[in-house]
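Visitor: I am new to this structure. Could you show me how to read it?

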Amino acid sequence: KKQPVSILIKNIKELIQVRETNVLKVSGADMKELPTIKNAYLLIEHDTIVEYGKMEDCENIQADKTIDATGKVVLPTWCDSHTHIVYAGNREQEFVDRINGLSYEDIANRGGGILNSAEKLQNTSEEELYNQSVKRLKEVIKLGTGAIEIKSGYGLTVDAELKMLRVIKRLKKEFPVKVKATLLGAHAIPKAYKDNQKAYVDLVVNSMIPKVAEEELAHYIDVFCEKGYFTLEDTERILKAGLAHGLTPKIHVNQFNAFGGVALGVKYNALSVDHLEELSDDDVKALKGSNTMPVALPSCSYFLSIPYSPVRKLMKAGLPVALATDYNPGSTPSGNMNFVVSTACIKMKMTPEEAINAATINGAYAMGVSNMYGSICRGKKANVIITKEIPSYHFLPYAFGNNHIETVIINGVEIS
Ligand code: NIG
Ligand code: FE
């Protein structure tokens, strides 16, 4: 079927996240503002947003296809800046074990957790891994995600990490959504290195990073900086090596313990510091004046029953906040950004405006794509969600757990 070259969406009840100038992120009190046009139109040509405005100014506009959005809200697609959607199998047994009283830490200590996923992935062919990952990517696109960051980190050998990153590269090629890849070789200490952590960090620094950079398989370098995983010293070595090979830091910090990982990320100009369920005053101070985006992952808090990131502290300090899913088999087997936005409102007391800013423009920033994604702005990619008929955009987080999306448009093409 031939795709229309231009699409006019008219009678939009509320066109939200409209940005006249191409702002790259919104911070602090500005996050309370979600610029909106009521009774609006949006014009798409090819893969680009070319015009928008009030319906009364739409009279002379012609397009190959017109969509009537009476009673519906239109917004930019979600920008999910933190996922691990390339993985093999699942860990539903650990879920049951946790219900029966074991903690996430107990499970990791008996060789479950990330090591469990790594074993599964090492024994899965690249083709099969691709097929499993395709299902997840299709699922999240239907849920309105139009840009996604995907990490390696369930390989934990040079070969298996490269296998994961090649799968990400293939997803990027085969799907119209924006994909950014991150090397997370330092996700856990493999069994073989249990008593020689330094040797594993050597492997990441001397082998994984150079190979990944040489094959141009990743943009970002990530480390799980956490007690029982990688220390500040390990993290610093890996970030330095990544930077030397052109990989920008984007790191897991403060999921369970706050011990200086945030300041370290800022020191190396990390694009984002993610998790932050624990957050000290020093962490907030370190972030002030930096280019680093703090990213909260409320579905992870929900699933593991750990604290929600105290995002109000960040916003009060004038800082920006982004929201992402963390879609992975261990701590967040869900890639639903609608649920993330709802949970941020319900559990973290973000206003709908703050949560939507965090899940669109600031999410785009946290994966380095906010020049082209994350807002309704002339010249940006035509990635938009059209909702079903709803009373207002507040209804999106309010009526949680329901699917309010009717149509997803990616690069000017309706996804069916
Ligand atoms: O972001 N925290 C580290 N990594 C993942 C979980 C990994 C797993 O349990 O498989 C996360 O939550
Ligand atoms: Fe994660």
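Guide: We will go through the domain, the strands, the helices and the ligand in turn. Keep in mind that this is a predicted model.

Visitor: Which residues does UniProt give for the domain feature?

Guide: The UniProt record, an unreviewed entry, places "domain: Amidohydrolase-related" at residues 73–413. Over that stretch the chain is 43% helix and 17% strand. The end C-alpha atoms of the stretch are 18 Å apart.

Visitor: How do strands of a sheet pair?

Guide: Strands pair through backbone hydrogen bonds, in a parallel or an antiparallel way. Start with strand 2 (residues 36–45) and strand 3 (residues 48–54). They run antiparallel, and six bridges join them. Ala40 stands opposite Lys54 of strand 3.

Visitor: What do strand 2 and strand 3 form?

Guide: They form a hairpin, with two residues between the strands. Look at His46 in the turn: its phi is positive, about 50°.

Visitor: In what order do the eight strands of the open sheet stand?

Guide: The order is 6-7-8-9-10-11-12-13, and the pairing is parallel. Strand 6 (78–80) and strand 13 (322–323) are at the edges. Each has a single partner strand, so one side of each has no neighbour in the sheet.

Visitor: How many bridges pair strand 8 with strand 9?

Guide: Three bridges, in the parallel sense, link strand 8 (residues 178–186) and strand 9 (residues 220–225). Ala186 has Val223 in strand 9 as its bridge partner.

Visitor: Which strands does helix 5 lie across?

Guide: Helix 5 (residues 158–174) lies across strand 7 (145–151) and strand 8. Its direction is at about 175° to strand 8.

Visitor: At what angle do the axes of helix 6 and helix 7 cross?

Guide: Roughly 10°. Angles under 35 degrees count as roughly parallel, and helix 6 and helix 7 are therefore roughly parallel to each other. The axes of helix 6 (residues 197–214) and helix 7 (residues 232–244) come within 10 Å. Helix 6 makes the contact with Val201, Val204, Val205 and Ile209. Helix 7 brings Asp234, Arg237, Ile238, Ala241 and Gly242. By class, that contact has six nonpolar, one polar and two charged residues.

Visitor: Which residues are around ligand 1?

Guide: Among them are Gly113, Ile114, Ser117, Phe224, His252 and Gln255. The list also includes Cys300, Asp326, Asn328, Pro329, Gly330 and Ser331. By class, the shell has four nonpolar, seven polar and one charged residues.

Conventions:
Residues numbered from 1 in each chain as written. Chains lettered and ligands numbered in written order. Predicted model: local features only at pLDDT ≥ 70, side-chain atom pairs only at ≥ 80, totals over all residues. UniProt positions renumbered as here; feature names shortened; annotations may be inferred. Helix = DSSP H or I, 4+ residues; strand = E, 2+ residues; numbered from the N terminus. Axes fitted to C-alpha atoms, helices over the stretch in contact; angles between N-to-C directions. Parallel < 35°, antiparallel > 145°, perpendicular 65-115°, else oblique. Contact = placed C-beta atoms within 7 Å. Nonpolar A, V, L, I, M, F, W, Y, C, P; charged D, E, K, R; others polar. Near = placed C-beta within 6 Å. Pairing = 2+ DSSP bridges.
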